[in-house]
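Here are some notes for a colleague who has not worked with this structure before. They are meant to be read beside the sequence and the coordinates.

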Amino acid sequence: MYDLLIKNIDVLSNDTTINHAAIAIQDGYIKFIFTNKQDIVKATAESTEVLDGKGQLAAPGLINTHTHIAMGLFRNYADDLELMDWLQNAIWPTEAKLNDHYVKYGTQLGIAEMLRSGTTTFSDMYFFMNTTAEEVKSSGIRAVLSRGLAGVSPTANQALVENADLYRTWHGFDNHRIKVLLGPHAPYTCPDDYMEKVIALSKEIGAGIHMHLSETKGEVENVIKATGKTPIAHMHDLGLFYNGALAAHCVHVTPEDMEIMAENNVAVAHNPQSNLKLASGIAPVPEMIAKGITVGLGTDGSASNNNADMLEEVRLAATLHKARLYDPKAIPAQAAWNMGTVEGAKALGYHDLGVLQEGYRADIVLYNADQVHWMPRYNDVAALAYSANSSDANTVIVNGKILMKDRELLTIDEEKLKAEIKNAQEFFGHL
Ligand SMILES: N[C@@H](CCSC[C@H]1O[C@@H](n2cnc3c(=O)[nH]cnc32)[C@H](O)[C@@H]1O)C(=O)O
Ligand SMILES: [Zn+2]
């Protein structure tokens, strides 16, 4: 018996489209991809639920490797500032007014937006994370959660306790639909003695690391001034990478930094839109990939993007580096698509996610490909990277469960959500 069969469907598996296929899902995994008609007839009779995928393309769900998802609450709140000005003068004073109630609806807003645009996994760094975990649980999306840890904050030690609790409560939930990392925020908010506590806690409980690193020129210059080393080299010397890490941004990294990252399994969350908008720069992604570093894509928070649309990040990853290097082959469509899917999965420690293949986790997006901007259908990966709209995502499945069907969210009450976001806007007001 299969829990779900998607039939009459074109399936994007790695770089090829399998036409007229059927995907059989059992216990959250892709059990079979059938192409033989008789097999499909048989599987139809053996399935609890059958979806007709006519006119649609099944593709792996997008994987957002770096965000602060509840920051959707601050979308279009303070724009056109550079990182430190934006954080210190706009965002942090406003975040001081956050509580569980607002984070609940901010998280729901982000999850609704991600599901609607074909994202099935996100990696978050924020606070009030137990609330975020509850929203992940009830919405059915996949998430890797970390509690942002700022050593300079008055709640620095309490934050460590919260992150450890988050790990103990949620890590591994629902066959690893939820995982937990520690979230030391950044070099400029985490002094060395605090990083030592983070590393000790990581070793004690076995949790991995998610940190902003080498985001701006100013950050790198300040760390060099204080320690004589780049942020990557300094964190390496402190022992942060003893078991790999997920590093967000890595815009300003040297060839020596890249060697350290490659040798120590430091994966990168590349956030091209946020880096452009905060005027941080362009990360040397082709160079990092050439060194063997795993690079995934992220949106960063919706206050610095200003949306959670991963297809935009795929498109930017595919185009930005071409122009920077005057090389159309710098990041081909397939490489950008892989960064948005299977490479992102690897960066988050999932090795059976991000490709539609037997034995892989059933996180699947059905795109409505029967539209003029998809035609002609020479190359579906190129269509996704260069032509598709994220709203072409029609049906979304995570862990074998349908979370959006024909553009209707099945686990989120959108009308209530919109009303709550209006209330939040009134509460936070203007700067
Ligand atoms: N300071 C918080 C915890 C930090 S959560 C993660 C933080 O990252 C911030 N953030 C969002 N985008 C970026 C970015 O691009 N670089 C650095 N920090 C960011 C975000 O506003 C949030 O404050 C506390 O009181 O416990
Ligand atoms: Zn960030």
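1. Two residues are said to be in contact if their C-beta atoms, placed from the backbone, lie within 7 Å. By that rule, and not counting residues up to four places away in sequence, Arg147 touches Phe127, Met129, Ala159, Glu162, Asn163, Leu166 and Gly183.

2. This is a predicted model. The protein chain has an average pLDDT of 98, and 100% of the residues score at least 70. For the complex, the predictor reports an ipTM of 0.97 and a pTM of 0.98.

3. An unreviewed UniProt entry carries the feature "binding site" at Glu95, Arg147, His185, Glu215 and Asp300. Two of these positions are taken up in the next points.

4. Where in the fold does Arg147 lie? Arg147 is part of strand S8, which covers residues 142-149. Arg147 counts as buried because it has 28 C-beta neighbours inside 10 Å, and the cut-off for a buried residue is 20 or more.

5. Asp300 belongs to a loop, the one between strand S13 (295-297) and helix H13 (310-325). Is Asp300 buried or exposed? Asp300 is buried, because 28 other C-beta atoms lie within 10 Å. With neighbours within four places in sequence left aside, its contacts are His66, Thr67, Asn271, Ser274 and Asn305.

6. Helix H10 spans residues 255-263, and its buried residues are Asp257, Met258 and Met261. Seen down the axis of H10, these buried residues fall within an arc of 100°, so they line one face of the helix. Pro255 and Glu256, on the other side of H10, are exposed.

7. What do the buried residues of H10 pack against? Their partners are helix H9 (231-238), strand S12 (266-270) and helix H12 (285-290). After H10 comes Asn265, which has a positive phi, near 60°.

Key: Residues numbered from 1 in each chain as written. Chains lettered and ligands numbered in written order. Predicted model: local features only at pLDDT ≥ 70, side-chain atom pairs only at ≥ 80, totals over all residues. UniProt positions renumbered as here; feature names shortened; annotations may be inferred. Helix = DSSP H or I, 4+ residues; strand = E, 2+ residues; numbered from the N terminus. Buried ≥ 20, exposed ≤ 12 C-beta atoms within 10 Å, placed from the backbone. pLDDT = per-residue confidence, 0-100. Arc of directions from axis to C-beta.
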